[in-house]
Amino acid sequence: MSFTPQRLSLAGKRGLVVGIANQHSIAWGCARALHAMGAELAITWLNDKARRHVEPLADQLQAGLKRPLDITRPGELEALFEDIEQRWGRLDFLVHSLASAPKDDLRGRLLDSSSAGFLQAMDISCHSFIRMARLAEPLMERGGTLLTMSYHGAQEVIDGYALMGPVKAALEAGVRYLADELGPRGIRVHAISPGPMPTRAASGLKDFDNLLERAATRSPLRRLASLEDVGALCAWLVSDAACGQTGSVHFVDGGLNIIG
């Protein structure tokens, strides 16, 4: 297939974006870019408290479907995908940008993490992506793209990342196995690995301000990645221009990952 500009367009594609908390969320940067390239979106918020922040953003993007989603509540995820099937009949892509852990576990040593905290982090940050992939599979008869968000702490020890390192490592392994299992159906699976960014979720990490400063001064580009950087990569991976790739971790961190 020869390259044409149309392969970069997302016109006619429909996808789900999960994980927007506010205008600083990585998922919001992705949603904006996907919309700008022509995609129609379904957008969720966690609860009534989050709704007042997220619903106006969904309205800006003329989201075709918007509703609450708490993946820890039985049946809510299944109900969301049933709604998508009824309204659209298919799904072309999914963006999963969820991560959570109790504050004490998040800021402490991995050695001291509680079983309950570790299991919560693994369920929300990793296994929820697998559950979404399972529900998305029958809606992607024409193929599709599944994306999730990781961090370099999955591959190297990052001070203050502790508990989330093994969790994100499991997520990246899950990406590779899902890519292998879903590849014959034309479904591509990727992880995007942004550098440190000032999001609400990341602010819960220990010494996060120092992490931001070190990233900005040590990365080859001497700057932090932006929401626009992550969104642009997300849109490209969803597009037909990236149809020959799957199972990869894509860094968008100003080159920080190459620095020892």
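The model is predicted, so local features need pLDDT of at least 70 and side-chain atom pairs count only at pLDDT 80 or more, while totals for chains, interfaces and linings use all residues. Residues are numbered from 1 along each chain as its sequence is written, and side-chain values use heavy atoms, with hydrogens and water left out.

Side chains of opposite charge can pair when their charged atoms come close. The structure contains 15 salt bridges, each defined as a side-chain nitrogen of Lys or Arg within 4 Å of a carboxyl oxygen of Asp or Glu. In one of them, R14 pairs with E40, with 3.1 Å between the closest N and O atoms. This pair joins distant parts of the chain, 26 residues apart: R14 belongs to strand β1 (residues 14–18) and E40 to strand β2 (residues 40–45). Strands (E, at least two residues) and helices (H or I, at least four) are DSSP runs, numbered from the N terminus.

R14 is partly exposed at 23% relative accessibility, as is E40 at 28%; the term covers values between buried (under 20% relative accessible area) and exposed (over 50%), with a 1.4 Å probe and protein chains only.

Within helix α2 (residues 48–60), R51 and E55 are four residues apart, about one helical turn. By contrast in setting, D92, which bridges to R90 at 3.2 Å, is buried at 9% relative accessibility.
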